[in-house]
Amino acid sequence: MALFFFFCLSATSCGEGRVFGVPLGEAREKLSRADISFVLRVSPRRYAEAFRLGAEGPWVIAMHLEAQGHVDKALDWYGWASVKSSEPYATLCVEGLSRVGSDQQRLKALSVLDGMGDYSIASVPALREDRERMRNLVLLQSGRYAELPGGVSRWICEADLDASYVGLLASIAREDPVASLRSAMLEKQYQRSWEYVQQLFDSAGERAYYRRVLSDAGRSALFGSPSAKAASDFFVSLLPRIPQGDSFADAPYMISFYAARLLSREGKEYGDAARELFDRAIRTAQNSRDRDVAIWYLLDQSLAERTSLCLDDIERYGPQWSDGSYYADILERLTMSIIRDRSWSSLERLSRILPDATDRDSRARVDYLSARLAPIPAEEKTLALRRAWEGDHDSLYYRVLAADALGLPLGEEQLPVAGRGIPREDANAASRAASVLAVLESMVRYGLYDRVYPFARERAGDIGLYATSMEVHRLADALSAAGFYSEALRLSVLAFRSSSGSISNEDLAYIYPRPHQGFVATAAERFGIPEYLLYALLRSESFFNEKVVSHAGAMGLAQLMEPTARDIARKLKVETWDLLDPATNITFGAYYLSELIYRLDGRVMSALFAYNAGISRVRTWEREGKDLPDDAFAESLPFTETREYGRKVLAAAAVYGYLYYNVSPGQVVRDIF
């Protein structure tokens, strides 16, 4: 007995070197493989042994239990560890409770999180905002309607409802016309909701003119009314009836906006009348966001009518733009339309009238294309190209093309895109960043690889602004060593985009990595494709996630469909194959690209477009754009996804060529175009 107690006091026995009966090293190794078999039957009286793994031990176990569907056990661990753990893991356990508990448990956890302040790394805005929604759900579920904010009558008019409320409004809806409308909209019963709308403004009085009620009324008209013109007239008839008061300040905008959208559906015959209503919405908007939305819809309508009308409206309403990125798709479609029409003078006009708020990437595209195609003086062409080359924008594609057009080499100074993070004065920043990094390292150490990027994304500012490149690289290396190449890449890109500093070639190598080097080199040589091009394709297709399956069914690194893979296997005389096997997928993808290049007479960019959209479509597009320069043809494609795909692959190929293969970006442009 004395000998037993001696061993109990030693550092290597009686549990000191074991966790739940498993040697410490073996326990850590098991958790890194997501093997939690040794913790499933552990009594709560022994939970404290998990701290032998480190301060993160209980939280790590709870995370693995949650991930593997042992929700009740995960709740026990989260609840215990939220009290017993030190920071940051105590807060993360409260966050776990807010994620997997019952409604009451989640509400309590969210209330705790809400009071933890900005110092806590778990003080994620989305969680704080979720607190009020959870509280309201609990009140509805328990029938405590009188406790809803402002009382049930006002709450039902102002609440931001989502699918989680479906069914919970039924008892209120039986007695309240507003609740009836909102309940029907949640259930997507649009025809029924439109019937409620037509009665609502007489039976509900002023409550019908609250913003969220008008929003539901407008959407019910868009989706449920048999006549868009009649519905538009109905909304216009409401304008003189709007009550006075701050609560109804948004009503003129909302009514005019939906009346305009409805009328615009009736075709060009009602175009002018719809534009007048959109203009009224723009003039009565109470905030810049609403104004941007109304201007976007007006431009969308004018673009559908004719290019010149859209240009007129950009010149008129452009000075009122607030968020320029909101109009990026309009400007891209407008540019495509101008090129398809070969209206080079319109391109010159667009370049001249773009408002100051235009997003940087759209400005770079218009600068480059106007320099290449528009009838402007030579010195203006040069200035436009230099703006596209040197400008403050994120489009590596136009930067590379502009440099090639100018005959300039690209180097470390020009290839990267500057980080967009803005350092903030925050006394706790360094401490918070250290906590975030510690948690990420714990996730990697204990095999929680798929949680690394979501966690980092919620705290991107702390990662990008306050973590060093070396720290981010170390995490990325660990993820790559475990085979999680996509997660390593996403983490590196996230840290870079939210940083405030410049980027080195070493950083670029993490953003444009080369996993599966042996497979890529073999496939590239076998099928006569430059390695830099094959890497660019794989990165653009899957971000090196070898297990990804798209909604359409495309699989693996090169995103191949089963029918395409069967055809390739037959041609390569491969009898058994697995598209989720990296070697097979890379081989098949390289063969498919090489075949498309051959079938399209060596036109690499056209082959890339065909890889994305199909060769038949590309051949049709080539016939329509046979007189266009290659770079202009790339802008003329009717599929936004395909246009962007070509840009991504070419830009990535330029970086890969520059970093690893001593091929200049200009040479890559000429090889692909």
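The model is predicted, so local features need pLDDT of at least 70 and side-chain atom pairs count only at pLDDT 80 or more, while totals for chains, interfaces and linings use all residues. Residues are numbered from 1 along each chain as its sequence is written, and side-chain values use heavy atoms, with hydrogens and water left out. Helices are DSSP runs of H or I with at least four residues, strands are runs of E with at least two, and both are numbered from the N terminus.

- S102 is partly exposed, with a relative accessible area of 32%; here buried means under 20% relative accessible area, exposed over 50%, and partly exposed in between, using a 1.4 Å probe and protein chains only.
- The C-alpha atoms of S102 and L75 are separated by 9.6 Å, and these residues are 27 apart along the chain.
- E66 has its place in helix α3 (residues 57–67).
- Between the C-alpha atoms of E66 and G101, which are 35 residues apart along the chain, the separation is 11 Å.
- Not counting residues up to four places away in sequence, E66 touches A74, Y78, R99 and V100, where contact means heavy atoms within 4.5 Å.

**Helix α26**

- Helix α26 covers residues 469–481, and at 1.5 Å a residue its 13 residues should span 18 Å; the end C-alpha atoms are 18 Å apart, which agrees. The expected span is 1.5 Å times one less than the number of residues in the helix.
- The buried residues of α26 are V472, H473, L475, A476 and L479. They cover an arc of only 165° around the axis, which puts them on the same side of α26; the arc is that of the directions from the helix axis to the C-beta atoms.
- M470 and A481 are exposed, on the face of α26 turned away from its buried side.
- After α26 comes G483, whose phi is positive, near 90°.

- In helix α34 (residues 615–624), the buried residues are I615, V618, W621 and E622. Their arc around the axis is only 120°, which puts them on the same side of α34.
- S616 and R623 are exposed on the other side of α34.
- The packing partners of the buried α34 residues are α32 (582–599), α33, α35 and α36.
- T642 lies in helix α36 (residues 640–660) and counts as buried at 1% relative accessibility.
- Leaving aside residues up to four places away in sequence, T642 touches F609, N612, A613, W621 and L637.

**Aromatic pairs**

- A search of the whole structure finds 34 aromatic pairs. Rings of Phe, Tyr and Trp (its six-membered ring) pair if their centres lie within 6.5 Å; planes under 30 degrees apart count as stacked, over 60 as edge-to-face and the rest as tilted.
- W194 and F234 form an edge-to-face pair, with 5.8 Å centre to centre and 80° between the planes. W194 lies in helix α11 (residues 190–203) and F234 in helix α13 (residues 228–238), so the pair ties together parts that are 40 residues apart in sequence. W194 is buried, with a relative accessible area of 6%.
- F609 and F633 also form an edge-to-face pair, at 6.3 Å centre to centre and 65° between the planes. This pair links distant parts of the chain, 24 residues apart, with F609 in helix α33 (residues 604–613) and F633 in helix α35 (residues 630–636). F609 is buried at 1% relative accessible area, and F633 is buried at 8%.
- Y253, F257, Y258, F278, W296 and Y297 are linked into a cluster by ring pairs.

**Charges over rings**

- R514 lies over the face of Y660, at 3.9 Å from the ring centre. A charge sits over a ring if NZ of Lys or CZ of Arg is within 6 Å of the ring centre and within 35 degrees of the ring normal.
- The charged end of R539 sits over the ring of Y512, 4.1 Å from its centre.

**Cysteines**

- Zero disulfides turn up in a search of the whole structure, a disulfide being a pair of cysteine sulfur atoms within 2.5 Å.
- C157 is buried, with a relative accessible area of 1%, and C310 is buried, with a relative accessible area of 0%.
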